[in-house]
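Student: I have a structure open and would like to learn how to read its features. Could you take me through some of them?

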Amino acid sequence: MLIIVAGTETTVHAIGTLLVHLLSHPDQLALVTSGQVSMEDALTESLRLRPPIASVPLRFAAWQFEDARSGEQFGEGEPILIHIAGANLDPERYEDPERFDVRREGGSRSLAFGYGPHVCPGAALATREIVIAVTRFLERYPHARLALAPELLEQTASFISNGYTSIAVELS
């Protein structure tokens, strides 16, 4: 089940989100299609800004502790929801973190594919799939544009998964 969900839904959302980012930022799209910036770098920035997994399913505190940064206290057994998408928007780490910038430095260290022993084993395959799919789409439809503003696109109804249910595009 994990392989199906992690390897399918997340990849689909990452493809759609990268397309939305590029099609809604023509200046950034031009950098990629001209070859000045790689599609991999555009993907890295898209994953940083809006990863396909927003939250890790509930975890439970193994013991009582206090978060040193926020001062928040957690009791033993208390549920904790880890919102990893928020980590990639840390203004202490990223200048103007809400801006899509395919030339951004340091974006490859986002948590989109996990970290350390929890890194996604399919990250390399997913990256290739996403890059190939978006590249082929843009080659086939070089004049494609969004039919709706990104904020009007319907998003998945999930606190875990992060993507669009559909993306309205005009192909020419």
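**Reading charged pairs and their surroundings**

Tutor: Let's begin with E45, which is buried because its relative accessible area is 2%; buried means under 20% relative accessible area, exposed over 50%, and partly exposed in between (1.4 Å probe, protein chains only). A word on the source: this is a predicted model, where local features need pLDDT of at least 70, side-chain atom pairs count only at pLDDT 80 or more, and totals for chains, interfaces and linings use all residues. Residues are numbered from 1 along each chain as its sequence is written, and side-chain values use heavy atoms, with hydrogens and water left out.

Student: Which residues form salt bridges with E45?

Tutor: The general idea is that side chains of opposite charge can pair when their charged atoms come close. A salt bridge here is a side-chain nitrogen of Lys or Arg within 4 Å of a carboxyl oxygen of Asp or Glu. In this structure, E45 pairs with R48 at 2.9 Å, N to O, and R104 also forms a salt bridge with E45, with the closest N and O atoms 2.9 Å apart. R104 sits in the loop between α4 (84-87) and α5 (123-140) while E45 is in helix α3, so this pair ties together parts that are 59 residues apart in sequence. Helices (H or I, at least four residues) and strands (E, at least two) are DSSP runs, numbered from the N terminus.

Student: What does the side chain of N88 reach?

Tutor: For this we use contact, meaning heavy atoms within 4.5 Å. The side chain of N88 reaches the backbone nitrogen of L111 at 3.0 Å. Leaving aside neighbours within four places in sequence, N88 is in contact with several residues, including R48, Y94 and L111. N88 lies in the loop between α4 and α5 and counts as buried, at 2% relative accessibility.

Technical notes: Polar contact = N/O pair within 3.5 Å; in protein donor to acceptor, adjacent residues only side chain to side chain.
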